[in-house]
Amino acid sequence: MIIRTEFPYESTHEDVRIPMADGVDLYARIWRPVTDEQVPALLEYLPYRLTDWTAPRDRQRHPWYAGHGYASVRVDVRGHGCSGGNPGDEYDARELADGVAVVEWLAAQPWCTGSVGMFGISWGGFNSLQIAALAPQALKAVVTVCSTDDRYDNDVHYMGGSVLAVDMHAWAAAMLAFAARPPDPLFVGDGWREQWLARLESVEPLIHTWLAHQTRDDYWRHGSVCEDYGAIGAAVLAVGGWHDPYRDAVLRLVSHLPAERVRGLIGPWSHQYPDRGLPPGPAIGFLQETLRWWDHWLKGADNGVMDEPLLRSWISESHPPATTYEVLPGRWVGDAEWPSPAVTPVTYALQGAPVAVASPQHTGLDAGRFLPFGNAADLPPDQREEDAKSACFEFPVGREPVEVLGRAQVTARLRMDVPYGQVVARLCDVAPDGSSTLVTRGALNLSARLGREKAVPWPVGAYEDVVFELNGIGHRFAAGHRIRLALSSAYWPWIWPRAGSEAGWTLDPAGSAVVLPVRAAGSEPAVVFEPPEQAEPLGVVVPATLDEPRPERLVVRDVARGRWRLEVDPRYGGTRVYPDGLEYGEDAEEVYEIDSADPLSARTRSQWRIRLHRPELGWDVRVETRSEVSCDAGGFVASNEVVCREGEEVVFHRTWERRLPRAAG
């Protein structure tokens, strides 16, 4: 990592409030170059608190952009951080309308040229795309990282029409804790407490809403730009990582948006900006790459950025299974079109007699983290235990490697003796020593086989062919290895099981196949990136502790009861001390439990403890939350609790108990 201390422009920053039409002010931090010239503005807009939680990350990039001649702006969404108003649902109409208003406000400032770009990762990448689809005139370009165009089938809520237990619940629990944090009196003054209490009175666990919409209805269509790609008028640089669950959006965006104003980039990365150097690498000079994008679209520079291939992708070489990789072996490739003429669908037909598959309910404990952040236990370990609980079909790789780029497709001829179930497919790279590395996977709720917008029970006792895609990947299977397709009927805690699904299904290989997107080796344009660089770090201090840290992922087996428990420390941040004196403490733990033979034993639990302390102001507040979800034959039961303290005084305490019928999912 190169730390830049000198830039073409000196810069300064200030905190301001941006007024909305209804009288609410949004809190913003603006870094600007010291110049009399007007400059374009870049906006990052999300709920994660610019004064503390994202402050270290913000410091890496916003001053860097300002030093290169842009006003770089970080804004907290309404109801979060030091912004006014109350929190709402993710990407709701109010949030998006506020975002449009911020774009227009920035464009109207005397220091701005009138041209605005938006960028962000995850939430900030989501709403960049969604605001681009609302087409404010000043918004000329976006850089969207680790985001999606489809809120239903490519987010943390549902996968292949099935409820995602692992992040549907965990992220709802995290957002409950985040929304309950108070404004900071250092920035909002004495009114912080009144604002906090009003915010707390409005908080509602998002799990209630997400579980109330179990098919792809109008709720999920809102904010899903795949409903109308033509609404996006801004130029789009779409960025993803092969270890991030949202990478398929990059492939769809470069396929559906006009080639003259879209480019795609997919690296080996997790759910992180590509310059941060977090595993797996290699990291790239992402800030420099985006600067070329902004210079072209916001300043009119003829810098060749649109001469780059439409899609630049990382192709990983075969590698042993591990839960983390500092750097993956592989290379960059470029494709001028997508779908690419260099990629040919190759069918691998399954062979053998019909096979009954009734995977134990704890199949999936070695799935790894749904949203990897670069931690030591994020990625899937050796898949041999998971493969043993699945029906496996193998295809030997001959003398020449097999390179795939894109989304594989599975056709499975199944028979079920119950109306509900799911099929999960994993594609693994099996080395000569027998080790099995997960390459990609996909899932289908069998009641969603005719479309995600409806739930159609399976005709009991009948065979049907189902077709579904796996997540996109760039991977090169080495000569002498084997390509393994593993099919299971359970995948906990990613996929929430349903009563009856323990019966599994019967697969007829004679009508089943996997189609791989095989990329031909040959001449291709050179893809080269500069080394990563950032601005000077913020200087956050992580205090030393004598406490033994919890394992990141711990699997506990109760042999007598047949019960399995996965304990997860998500490692979002922990305790840190900021240069302005804020002491921020954070501890979270997730637990997933299931009995190997009982889908109705599935249960999730998440606990958060957050402390914000400013000794010089005598300010000391704590937020504690507990969230649980369980299920029975008829539906889900969601339990949530929030306790907030100022000092030792409990200033807010509320519990929710909500039953949500299982209509689909």
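Helices (H or I, at least four residues) and strands (E, at least two) are DSSP runs, numbered from the N terminus. The model is predicted, and local features need pLDDT of at least 70, side-chain atom pairs count only at pLDDT 80 or more, and totals for chains, interfaces and linings use all residues. Residues are numbered from 1 along each chain as its sequence is written, and side-chain values use heavy atoms, with hydrogens and water left out.

Two cis peptide bonds are described here. One joins Trp492 and Pro493, with omega about 10°. Pro493 sits in the loop between E23 and strand E24 (505-507). Another joins Trp338 and Pro339, with omega about 0°. Pro339 belongs to the loop between strand E13 (330-335) and strand E14 (343-349).

E23 is also part of an open sheet. Two strands pair if DSSP finds at least two bridges between them. Four strands form this sheet, in the order E16-E23-E19-E20, with antiparallel pairing. Strand E16 (391-396) and strand E20 (436-445) each have a single partner strand, so one side of each lacks a neighbour in the sheet. On average, neighbouring strands of the sheet are turned by 15° against each other, direction ignored. Six bridges link E16 to strand E23 (residues 482-488) in the antiparallel sense. Ile483 in E23 stands opposite Phe395.

Strand E4 (residues 39-46) pairs in the parallel sense. Buried means under 20% relative accessible area, exposed over 50%, and partly exposed in between (1.4 Å probe, protein chains only). Eight of the eight residues of E4 are buried, so the strand is largely enclosed by the rest of the structure. Four bridges pair E4 with strand E6 (residues 112-121) in the parallel sense. Gly117 in E6 is the bridge partner of Leu42. E4 also runs parallel to strand E5 (residues 71-76), joined by six bridges. Here Glu44 stands opposite Arg74.

The axes of helix H2 (residues 93-107) and helix H3 (residues 123-134) come within 10 Å and cross at roughly 75°. Axes are lines fitted to C-alpha atoms, for helices over the stretch in contact, and angles run from 0 to 180 degrees between N-to-C directions. Contact means heavy atoms within 4.5 Å. H2 contributes Glu95, Leu96, Gly99 and Val100, and H3 contributes Trp123, Asn127, Gln130, Ile131 and Leu134.

Ala135 has a positive phi of about 55°, although not a glycine. Ala135 lies in the loop between H3 and strand E7 (139-145). Its relative accessible area is 45%, so Ala135 is partly exposed.
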